[in-house]
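Here's a quick briefing to go with the model. Have the viewer open while you skim it.

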Amino acid sequence: MNYLIASDLHGSAYYTDLLVTRWEQEPADRLLLLGDLLYHGPRNDLPEAYAPKRVIEQLNPLADVILACRGNCDAEVDQMVLKFPLMADYVLLEEAGRTIFMTHGHVYDEQRHPYLVPGSIVLHGHTHIPAVQKQADGVWYLNPGSVAIPKGGSQPSYMTLTDGQLALRRLQDGSILQQLNLADL
């Protein structure tokens with residue numbers, strides 16, 4: 001299974017449009033969304049082209065390929081307008097014999113998660129800062145950064161997992177910023 005992975009859209013129609021363009025150009029089976037889809041949150045400035053209703057219109061046609069988990073800025077009212085499940089705190093996936101613990105990062109993160117065997121992956125957003133790090137317990141921490149409100153000097157980004165190759169990519173043009181082969185983990 002091939003995935004396109006993104007987090008922290010925060011209601012930006014402009015950046016969601018870029019993400020949908022990447023989706024149309026990437027050979028992915030599923031779009032994994034790690035939360036904070038519609039609302040910008042009280043700690044963030046408004047992202048470019050803040051238009052949550054437009055983001056709903058952009059995401060709902062992809063409902064049959066989206067797997068999503070709830071972010072700290074997502075609410076029950078968001079679930080009422082989105083056509084895919086959003087309210088789970090985490091999703092578990094198996095890929096290439098590895099467990100992927102998919103979450104937003106405000107409840108579970110690289111330090112707070114259920115027991116995972118070495119080589120497993122904690123995949124989350126929330127910090128708005130991309131990361132590919134192996135933790136002391138042998139679990140990998142992967143963060144695609146933020147689509148709409150990057151922080152820590154980063155730029156709008158997302159990840160792909162294609163045929164065992166994980167790539168952190170620039171949202172603007174899809175170019176690879178960092179790459180990792182899951183077989184090497």
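V81 is partly exposed, with a relative accessibility of 37%; buried would mean under 20% relative accessible area and exposed over 50%, with partly exposed in between (1.4 Å probe, protein chains only). This is a predicted model, so local features need pLDDT of at least 70 and side-chain atom pairs count only at pLDDT 80 or more, while totals for chains, interfaces and linings use all residues. Numbering starts from 1 along each chain as its sequence is written, and side-chain values use heavy atoms, with hydrogens and water left out.

**Surface patch**

- V81 sits in helix α3, residues 76-81; helices here are DSSP runs of H or I with at least four residues, strands are runs of E with at least two, and both are numbered from the N terminus.
- Together with V77 and M80, V81 makes up a nonpolar surface patch of about 310 Å² accessible area.
- Patch members have over 30% relative accessible area and no salt bridge; nonpolar side chains (Val, Leu, Ile, Met, Phe, Trp, Tyr) are joined within 5 Å, like charges within 9 Å.
- The areas come from the Shrake-Rupley method with a 1.4 Å probe, and for residues only the protein chains shown count as cover.

**Helix packing**

- The axes of α1 (residues 13-25) and α2 (residues 52-59) cross at roughly 15° and come within 9 Å; axes are lines fitted to C-alpha atoms, for helices over the stretch in contact, with angles from 0 to 180 degrees between N-to-C directions.
- The α1 and α2 crossing is left-handed, meaning the near helix is turned anticlockwise from the far one by less than a right angle (clockwise would be right-handed).
- A51 belongs to the loop between β2 (30-33) and α2, and is partly exposed at 26% relative accessible area.
- From A51 to Y14 it's 37 residues in sequence, but 8.6 Å in space, C-alpha to C-alpha.

**Salt bridges**

- Side chains of opposite charge can pair when their charged atoms come close.
- Searching the whole structure turns up 3 salt bridges, each needing a side-chain nitrogen of Lys or Arg within 4 Å of a carboxyl oxygen of Asp or Glu.
- R70 and D89 pair up at 2.4 Å, N to O. R70 is in the loop between β3 (66-68) and α3 and D89 in the loop between α3 and β4 (90-95), so this bridge ties together parts 19 residues apart in sequence.
- D89 is partly exposed, at 27% relative accessible area.
- E57 bridges to R54 at 3.6 Å, N to O; both are in helix α2, 3 residues apart, or about one turn of the helix.
- R54 counts as partly exposed, at 40% relative accessibility.
- D173 and R170 form a salt bridge whose closest N and O atoms are 3.9 Å apart. D173 is partly exposed at 47% relative accessible area, and R170 is partly exposed at 25%.

- D8 isn't a glycine, yet its phi is positive, near 55°. D8 is in the loop between β1 (3-6) and α1, and is buried at 0% relative accessible area.
- H128 isn't a glycine either, and has a positive phi of about 70°. H128 lies in the loop between β6 (121-123) and β7 (131-134), and counts as buried at 2% relative accessibility.
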